[in-house]
Amino acid sequence: MNRISPARALAAALIMTGARLATAHAHPAQEAPGAGQTLATAPREVAIDFDESVDAAFTSIAVADARGRSVTRGKAAADTANGKHVSVPLQPLPSGRYTVSWVAVARDGHRTQGHYSFAVK
Ligand SMILES: [Cu+2]
């Protein structure tokens, strides 16, 4: 095994610091409807509050029914007053299970994505 020189140890420490900073991506802090939620009344929109501001141009929320058909009305948009809040209006939803798939690009350019489902009774 090679001995680790001080310079290499410093370089490794800097890389690890960079890796920590790179984890500052946008993740949902709150989702409405929430993951796994069953609603008695059909929601009129899906809204996600991220934990940091997102680049609206590259951030999207897709909502599909059990057959994979889109049930959104138009594109997701960020709140002009709150760059962490993104929402998309929905078509009238009949009873069923819906899947939300989101993609977010944080201000630092890092992309995150995820999906979850909710149901309408
Ligand atoms: Cu990041």
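## Around D65

Leaving aside neighbours within four places in sequence, D65 is in contact with V71, R97 and Y98, where contact means heavy atoms within 4.5 Å. D65 sits in the loop between β4 and β5; helices (H or I, at least four residues) and strands (E, at least two) are DSSP runs, numbered from the N terminus. With a relative accessible area of 14%, D65 is buried. Here buried means under 20% relative accessible area, exposed over 50%, and partly exposed in between (1.4 Å probe, protein chains only).

The side chain of D65 also has a polar atom 2.9 Å from the backbone nitrogen of R67.

## How to read this model

This is a predicted model, in which local features need pLDDT of at least 70 and side-chain atom pairs count only at pLDDT 80 or more, while totals for chains, interfaces and linings use all residues. Residues are numbered from 1 along each chain as its sequence is written, and side-chain values use heavy atoms, with hydrogens and water left out.

## Two aromatic pairs

Let's turn to the rings. A pair of aromatic rings is described by the distance of the centres and the angle of the planes. Rings of Phe, Tyr and Trp (its six-membered ring) pair if their centres lie within 6.5 Å; planes under 30 degrees apart count as stacked, over 60 as edge-to-face and the rest as tilted. The structure holds two such aromatic pairs. The rings of F50 and W102 have centres 5.5 Å apart and planes at 70°, so this pair is edge-to-face. Because F50 lies in strand β3 (residues 45–50) and W102 in strand β7 (residues 96–105), the pair ties together parts that are 52 residues apart in sequence. F50 is buried at 3% relative accessible area, and W102 is buried at 6%.

The other pair, Y98 and F118, is stacked, with 5.7 Å from centre to centre and 25° between the planes. Y98 lies in strand β7 and F118 in strand β8 (residues 111–120), so parts 20 residues apart in sequence are tied together. Y98 is buried, with a relative accessible area of 3%, and F118 is buried at 0%.

How many of the five residues of strand β6 are buried? Four of them are, so to speak, under cover in this strand, which spans residues 85–89. Strands pair if DSSP finds at least two bridges between them. β3 and β6 pair in the antiparallel sense over five bridges, and I48 has V86 as its bridge partner in β6.

Strand β5 (residues 77–78) is joined to β6 by two bridges, and these strands run antiparallel. V86 is also the bridge partner of A78. Six residues lie between β5 and β6 in the hairpin that they form.

## The nonpolar core

A nonpolar core is a set of buried Ala, Val, Leu, Ile, Met, Phe, Trp, Tyr and Cys residues joined through side-chain atoms within 4.5 Å. The largest one has 22 residues, and V46, F50, I61, V63, V100 and F118 have the most contacts inside it. Two or more residues come from each of β3, β4 (60–64), β6, β7 and β8, with β7 giving the most, four residues. Not counting residues up to four places away in sequence, V46 touches several residues, including I61, V63, V86, V100 and F118.

Terms used. Polar contact = N/O pair within 3.5 Å; in protein donor to acceptor, adjacent residues only side chain to side chain.
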